[in-house]
Amino acid sequence: VLMTCPPPDPYLVEQLEKRFTLFKFHSIPDKAQFLNSNKASIRAVVGNASAGADAQLIHQLPNLEIVSSFSVGLDKIDLAKCREKGIRVTNTPDVLTDDVADLAIGLMLAVLRRLCQSDRYVRSGQWKRGDYKLTTKFTGKSVGIIGLGRIGLAIAKRAEAFSCPISYHTRTEKSDVKYKYYPSVVELATNCQILVVACALTEETRHIINREVINALGPKGVLINVGRGPHVDEPELVSALVEGRLGGAGLDVFQDEPNVPEELFGLENVVLLPHVGSGTVETRKEMADLVVGNLEAHFLNKPLLTPVL
Ligand code: NDP
């Protein structure tokens, strides 16, 4: 098994090492030489949101049978190439949905109620000087969601409990939900106060948040991104925040992680998280069990637990 991402979780590594010969690609200095010597023995790849299996790697692994991703997002895997070569693909859906939705609501509250700023206010002793600035109410704000899949729906359900009117954008209108559908992202942004990105990253959704969408959301609007960094045209987001054309942002993901635009560090209307949507002990264990379970099922010729391909 070749792990292409930096080891994301000690439990996952331990479980893989119990069952397989695990190569940690990230820490191998001469990758070309390593592949030359080991390519024939590698039958599985384990990746995550930071590294998966691109066309070049797939091409270099003649006996690759399965890519088991420690993520629900599939944007780091060349699915077309896998399909063409009959390589199976699995991910970790459902088990992380609650955590990511919880975090999205947490970001909304953190941005509007300035939780991080307020914490700094207490810790720095500013409270004693008593110049606290009032914040913005969350209950009842209209929430627009891009992507109403597992995570988008879980965010909607939670936001409903805060009396937030919900609207959404996906490629096709859902017949089984009562939320208002907008066929255009700009229209959705015009008609909500908090815009959440919770869709899959594909060529179509890259920069789905662009200048026009940001301007439609406006100086009182808040952007929450729990999808992927490249969903957002980051330089446009940074300039809108710096210029006050956008009210605030809560960001779990960035274009070039772990590099975050430093212009954001001085802004109090922005909350920045290190891509931790699924980052709880409980969920990471369930994700690891799925990664390992899928590999075991594959090598025992049993049905995969969570097949994509
Ligand atoms: P689902 O597959 O259940 O939902 C994906 C949604 O994206 C669907 O509603 C789909 O709707 C929508 N979508 C796809 N293409 C488009 C498009 N072109 N325009 C608008 N909407 C589109 O996935 P999950 O809800 O489980 O996960 C969603 C994403 O969340 C993942 O792909 C991943 O990138 C991200 N994520 C982030 C995490 C973090 O740590 N921050 C953790 C886990 C996931 P339709 O097909 O109708 O268009």
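This is a predicted model: local features need pLDDT of at least 70, side-chain atom pairs count only at pLDDT 80 or more; totals for chains, interfaces and linings use all residues.

Residues are numbered from 1 along each chain as its sequence is written, and side-chain values use heavy atoms, with hydrogens and water left out.

**Ligand site**

The ligand is surrounded by 27 residues. The closest are Ile151, Arg171, Lys174, Glu204 and Asp252. A residue counts here if one of its heavy atoms lies within 4 Å of the molecule.

| Protein atom | Ligand atom | Distance |
|---|---|---|
| Arg171, side-chain N or O | oxygen | 2.7 Å |
| Ala200, backbone N or O | oxygen | 3.4 Å |
| Val226, backbone N or O | nitrogen | 3.1 Å |

**Second largest pocket**

The second largest pocket holds about 540 Å³ of space. Its lining has 27 residues, and Leu112, Arg114, Gln117, Leu134 and Thr135 are the closest to its centre. Helix H5 (97-112) and helix H6 (115-123) are the elements that give two or more residues to this lining. H6 supplies the largest share, 4 residues. By class, the lining of this pocket splits into 9 nonpolar, 11 polar and 7 charged residues. Gly counts as polar in this scheme.

A pocket is an open set of points on a 1 Å grid over the protein atoms alone, where a 1.4 Å probe fits, with protein on both sides within 12 Å along at least five of seven lines. Lining residues have an atom within 4 Å of a point. The volume is the space filled by probe spheres set on the points.

**Asn294**

Helix H11 (residues 281-299) contains Asn294. Helices are DSSP runs of H or I with at least four residues, and strands are runs of E with at least two. Asn294 counts as buried because its relative accessibility is 0%. Buried means under 20% relative accessible area, exposed over 50%, and partly exposed in between, with a 1.4 Å probe and protein chains only. A polar atom of the Asn294 side chain lies 2.8 Å from the backbone nitrogen of Leu305. Beyond four places in sequence, Asn294 is in contact (heavy atoms within 4.5 Å) with residues including Ile66, Ser68, Thr90 and Asn91.

Is Ser37 buried or exposed? Ser37 is exposed, at 53% relative accessibility. Ser37 sits in helix H2 (residues 31-38), and its side chain reaches the backbone oxygen of Gln33 at 2.9 Å. Ser118 belongs to helix H6. Ser118 is buried, at 16%. The side chain of Ser118 reaches the backbone oxygen of Arg114 at 2.7 Å. Leaving out residues up to four places away in sequence, Ser118 touches Arg113 and Tyr132.

**Backbone features**

Glu257 and Pro258 are joined by a cis peptide bond, with omega about 5 degrees. Pro258 lies in the loop between strand S11 (248-251) and strand S12 (270-272). Asp94 is not a glycine, yet has a positive phi of about 70 degrees. Asp94 is in the loop between strand S5 (88-90) and H5. Ser163, also not a glycine, has a positive phi of about 60 degrees. Its loop runs between helix H7 (150-161) and strand S7 (166-169). Ser163 is exposed, with a relative accessible area of 52%.

Notes: A polar contact is a pair of N or O atoms within 3.5 Å; within protein, one must be able to donate a hydrogen and the other to accept it, and residues adjacent in sequence count only if both atoms are side-chain atoms.
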